[in-house]
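Please read them alongside the model.

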Amino acid sequence: MQAAEGGGTPAATSVYRRGQGARAPGPPVFVWAPAVLVAAGVALPLAYLVVRTLGSGAEAWELLARGRTLAILGRSLLLALVVTGATVAIGLPLAWLTVRTDLPLRRVWSVLTALPLVIPSYVIGFVVVAALGPRGMLQGLLAGPLGVERLPEIYGFPGAALSLSLVSFPYVLLGVRGALARLDPALEEAARSLGHGGWATFRKVTLPLLRPALAAGALLVALYTLSDFGAVSMLRYETFTWAIYLQYQTSFDRSLAAALSLVLVVIAVAILAIEAQTRGRSRYYRSTAGAVRPAAAVRLGGWRWPALAFCSVVALFALALPLAVLGYWLARGLGAGETLHLLWGPMVNSAYASGLAAVATVAAALPVVFLAVRYRSLVTALLERMTYVGFALPGIAIALSLVFFGANYLQPLYQSLALLVFAYLVLFLPTAVGAERISLLQVRPSLEEAARSLGRPPLQVLARVTIPLMRPGIAAGAALVFLLTMKELPATLILGPIGFKTLATSLWSSASEGFFARAAAPALLLVLASSVPLAILTLRARR
Amino acid sequence: MSEIVLQCEALTKHYGPVRAVDGLDVAVERGQILALLGPSGCGKTTTLRLLAGFERPDQGRILLEGRAISDARTLLPPERRGIGMVFQDYALFPHLTVADNVGFGLHRLRPAERADRIRAVLKLVGLAALEERYPHELSGGQQQRVALARALAPQPKVLLLDEPFSNLDADLRAQVRGEVEQILRSAATTAIFVTHDQEEAFAIADRVAVLNEGRLEQVGTAEEVYHLPLTRFVADFVGRADFLPGRFTGDSVETELGRWPAPLDLPPGTEVEVMLRPDDISLVADPGGAAVVEARQFRGEENIYTVRLPSGRGVHSSSPAYEVYAPRTSVRVLAHPPHVVVFAHKRAVPQKGPATSQGASPSTAEAPSAGDG
């Protein structure tokens, strides 16, 4: 018994702590208490919005029932519909080309076409205005030789639809690409062996199998469009978000802003409910679990050239031209004596606020994830669902609600950085929860049980085993929240302390005042900063 | 050595309407290795998890060295039980080296002591050279031994092993099994392991507890469980068995394959079933034989024949690998059970002796290896 040479009797060498305790294997208090606190805190803005709207009584309902509200609703839905259609038309063929064909430079295209994800919508909106608007680049180019004085109006629907399609098609693209890569090629081969041609197979087998991913991507785009503030505010198209902001800025009575926010929230929740349903159904469409054999690449033959042209056009409009436009205005500004050192303050502020938000959000997500994954029950699932409020609530609605709440009840916190960081937390908690959830699901419960059976109490198991193993997920969550916070505009505009300028707000104010040259530098910086976490994530994933 | 270390009484665990463990009484003595043997879903893994403290029992109690660690009022958390566990998937911490894995349960020791213990245990399992490796850099068999070393390091009062060999390739399994038994014996560990493989249970365990639907069917040595099964379930599950109809005639029981001393008193004329193992039955080629070879399954070390008796009933025989009879060969069947095990026929017999879950009363008797076809 060499192993036992610790000395003495078994009782003396025992490394287990003695003790009695009648504890149920339920969640320990250090897990459920913070989780409940987080869920309650996150639910606060929505609850307050409801209370506030219902409390303002008949007046708000009258305001809502006016024709103007219907017009806003109509514009919002039209925009969502057109943008969703456009993104499917761009994303689906791109996904297929970059996953399943022998497209030349396939790898390059799959990176380039996903990159617009890092461009905030207001940057694209700004680019569209700066390129195609009055006093913009195109007019400048055409005015000289051709004497063109006026271009077709870019403000309003066309500009907003264009901008939002260009930034949001990667949602469809990435979702469908993932589904295509997971799809078992044996299913398509079976269809071919049963006498179906390539096109018939795509139509009868591939497309139905992709439908859940496609639907989920499309609904995400619709939600993104509805809650987007940046592009519609740049292009002055009065959908819900822009109308809410105008109402908030111009009117002393903010009841209508609150009521409009609530309507927007209801629509967003409806879209999410539909999305959840398609996601639930996708399980039945799921092909074989685990790694599947990669499919043989489809030979494009002569179709290679149109395919290449398509990819180039998308990359040109969504990536190259915007960067070129920003570069042009930056060069012009520098030439005209603009200085860059004014940027330093907003840059520090952006990084500071984003860092705080990342840390706070990742920490708040942990107890929720532990509870939902390790102690699954109806109650814990509900609690986790509650933290998804940020998905449903457009940033502007959360910001407004917190403004009201802060002004009425939390005077010292009103217009403080703390309240702003809290708004970020509410908005981006779902992202952190999602990332941590995946990584916790990969930690086998037997590892934690092993640690318990080796004499470690639950808190130590968490600190020594579970959290270290979740580190990749936590890091990914933090990076994503950092990125999202950098790009966030409406909440920062409304809740930022006085004089607290971030890259996003300084870009927005310069651009909306027509100082294109001054807006170009923060825009480029934002794009650059946003690409860093994505690049890290991509490199990590590759390893 | 007959001191009971761990025992459970009337242990019960439900999952909804399913009784995973249903009134289980089992005990293990110091230094003994006990196998929980049963088909999948029989509740053996749940039993292990109840003993380890990962699940809360609905009823019953668990005593460790005479002290209740789980009863109506007490539920000692796993970290305070001093019960080690080797998990089916090994559950090695992927972020820690072999040495840190093994030292994980030694957090109450001083660093020097801890290092000594880690070294000693790794030496015991023959992995001293691999201290600094990470789990993913080890083979399946090595991971197994690290898991064993880790569980042994804090010197648990009892070690639980959940299907310890199921993740190993078949060719490695027998070898690792031997090594593990060697390690457990040399550390004088009291152990309970769960398996669905009787060969595994027989190879390692001092005693085998056969479980079915959350209940204990029988506990005993491997030989007892194999030769003297108490229930039809045990007879069926542990090894292959045929059940031949028989009839009591005074002090013996008469079947199509012979007449053997009756193991118990039943009224003459009572209909019973006699259990016959394939190795109780041998074949002799005989053109005049009444039985016919129906199929042969070559298993390497033996042939398993299915033979049709004149009554139309099929029985199985284990014959040497070199004894090959073609299908439809006429043979003589010789039955020579070392123990006569009879189960009272379900319909015909009034219950006598201890009733079992099968509604049959099993009885056994030593019998001279007798009988002819």
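1. In this predicted model, the charged end of Arg232(B) sits over the ring of Phe243(B), 3.8 Å from its centre. The criterion is NZ of Lys or CZ of Arg within 6 Å of the ring centre and within 35 degrees of the ring normal. Arg456(A) lies over the face of Phe104(B), at 4.4 Å from the ring centre.

2. Over all chains, 21 aromatic pairs are found. Rings of Phe, Tyr and Trp (its six-membered ring) pair if their centres lie within 6.5 Å; planes under 30 degrees apart are stacked, over 60 edge-to-face, and the rest tilted.

3. One of these is Tyr48(A) with Tyr409(A), edge-to-face at 5.9 Å centre to centre and 85 degrees between the planes. Tyr48(A) belongs to helix α2 (residues 29–55) and Tyr409(A) to helix α18 (residues 395–409), so the pair ties together parts of chain A that are 361 residues apart in sequence. Helices are DSSP runs of H or I with at least four residues, strands of E with at least two, numbered from the N terminus.

4. Tyr48(A) is buried at 11% relative accessible area, whereas Tyr409(A) is exposed at 56%. Buried means under 20%, exposed over 50%, and partly exposed in between (1.4 Å probe, protein chains only).

5. Phe126(A), Tyr328(A), Trp329(A) and Phe516(A) form one aromatic cluster.

6. On conventions: residues are numbered from 1 along each chain as its sequence is written, and chains are lettered from A and ligands numbered from 1 in the order written. Local features need pLDDT of at least 70 and side-chain atom pairs 80 or more, while totals for chains, interfaces and linings use all residues; side-chain values use heavy atoms, without hydrogens and water.
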